[in-house]
2 protein chains.
Amino acid sequence: MTIENEAADFAEPVVVLVRPQLAENVGTTARAMLNCGLKRLRLVVPREDHLSDKAMAASSGASIVLERAGVFNSTEEALADCHFAVATTARRRDMVKPVLRPDAAAEALRQKVNEGLRGAIIFGPERTGLENDDVALADKIVEIPLNPDYSSLNLAQAVLVMGYEWFKSGVDRPAEELPMRESRPATKHELQVFFEKLEKELDDSGFLRVKEKRPRMVRNIRNMFERAELTDQEVRTLHGMIRDLSTYRKGQQS
Amino acid sequence: MTIENEAADFAEPVVVLVRPQLAENVGTTARAMLNCGLKRLRLVVPREDHLSDKAMAASSGASIVLERAGVFNSTEEALADCHFAVATTARRRDMVKPVLRPDAAAEALRQKVNEGLRGAIIFGPERTGLENDDVALADKIVEIPLNPDYSSLNLAQAVLVMGYEWFKSGVDRPAEELPMRESRPATKHELQVFFEKLEKELDDSGFLRVKEKRPRMVRNIRNMFERAELTDQEVRTLHGMIRDLSTYRKGQQS
């Protein structure tokens, strides 16, 4: 089998399912692949029809992956035009072959693909996993770290974990960010004005009346608000809250 | 509701499913959780019975997670005894709340748990996701990076990605390793003896006959074998291969 129009566009690894047993699992695999931007599926001697209604339904709208999938007679054939392949296994094999963490496998695949080479991720049949002869066709093994007491992963879930690592390896996203939409972080001046207003009202209301405790209490209150990484809008809201709370108190007092 | 025996053992975050719609998804979630060593499931107003046959079948042997799951009337109630919670969302919310990468969320949860605090990962209903009022109960948001053109992730798959990151954050595994079982890396002396044997046979057979090319060819051959990170056993195998190939050739010549 040849894959149409593949030579021009090979910006992602192919996913090779060796002897998948259930059409439904091929469908959910297609969905997991598309979630992760993977669209090239190759099936080695699938037991059921990957274009069946069951497979299509299970793919939840990722049917394009199934429609474009290639069917091969052997793992060798499915890998023939690839330059680098990793084989996913759940258990250690009695083979001397490098074992990668999924994130390291994704990095390795991305590096190959960036060099214009074709990469493949190979998955074995449900239950039994890849045979050793299939694993031997790969450059490296990738093992998904999982609960050793319960590591049986559904086929589509194994594909999802690898696909997720693949997608992640191509995304430059900070570990943590604070999106502020139309807002922006408050300036230190805006905070300073707010702190002075707040502390004046707390003085007036009697909250800060114990003189020797006042400096420490003021610091603690300032730290609390500093920690919140307030926006300019939120500082305005706080101003309004303090104003209305004080006005209410003053009204009560009069 | 109170959870039995929880206080003593809280070495992992709880998974909170808010208003899950399908028992099957609760079952596959239980399976994904157990894959990742997560056993504490809390359900907020589930539409279907999480102990139904359908849920149990979908859990594929992870029924203990379903049996021990707690059911709550509100997200507030499910989170009441937790100290730190992250809310998973597929889309950006109009809220000023820190957004974590899944790996950073796992690290944050592990740090809290290591401090003896209780962590929670909150997932919304299928299709609609968490409501903003639920998200507001969390300390931080976690976004799973996925194909923006097709990011609808099955509930159990979202749980799997977060669980996988959780499990990974507790495992100290090298990015790449080369397991050798009973074998060990060949020593440089063993390689040297093999290279000398090989080069002698290649000289005798005529392969290295072009004198000015010999040094470079020898280096290239040595590099090829050095790159393979050979074991002592493999070097013995190579010795045997060379011996038999040479004997055959010598037999042919005689």
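Modeller: The conventions come first, and the questions follow.

Modeller: This is a predicted model, in which local features need pLDDT of at least 70, side-chain atom pairs count only at pLDDT 80 or more, and totals for chains, interfaces and linings use all residues. Side-chain values use heavy atoms, without hydrogens and water, while residues are numbered from 1 along each chain and chains are lettered from A in the order written.

Biologist: What relates chain A to chain B?

Modeller: Superposition is by least squares on the C-alpha atoms of residues with pLDDT of at least 70 in both copies. A rotation of 180° with 0.0 Å of shift along its axis places chain A on chain B, with RMSD 0.1 Å. The two copies are therefore related as by a two-fold rotation axis.

Biologist: What makes B:Cys36 count as buried?

Modeller: Buried means under 20% relative accessible area and exposed over 50%, with partly exposed in between (1.4 Å probe, protein chains only). B:Cys36 has 1% relative accessibility, so B:Cys36 counts as buried. B:Cys82 is also buried, at 14%.

Biologist: How do you know that B:Cys36 is in no disulfide?

Modeller: A disulfide is a pair of cysteine sulfur atoms within 2.5 Å. For B:Cys36, the nearest cysteine sulfur is that of A:Cys36, 15 Å away. For B:Cys82, which is likewise in no disulfide, the nearest is that of B:Cys36, at 19 Å.
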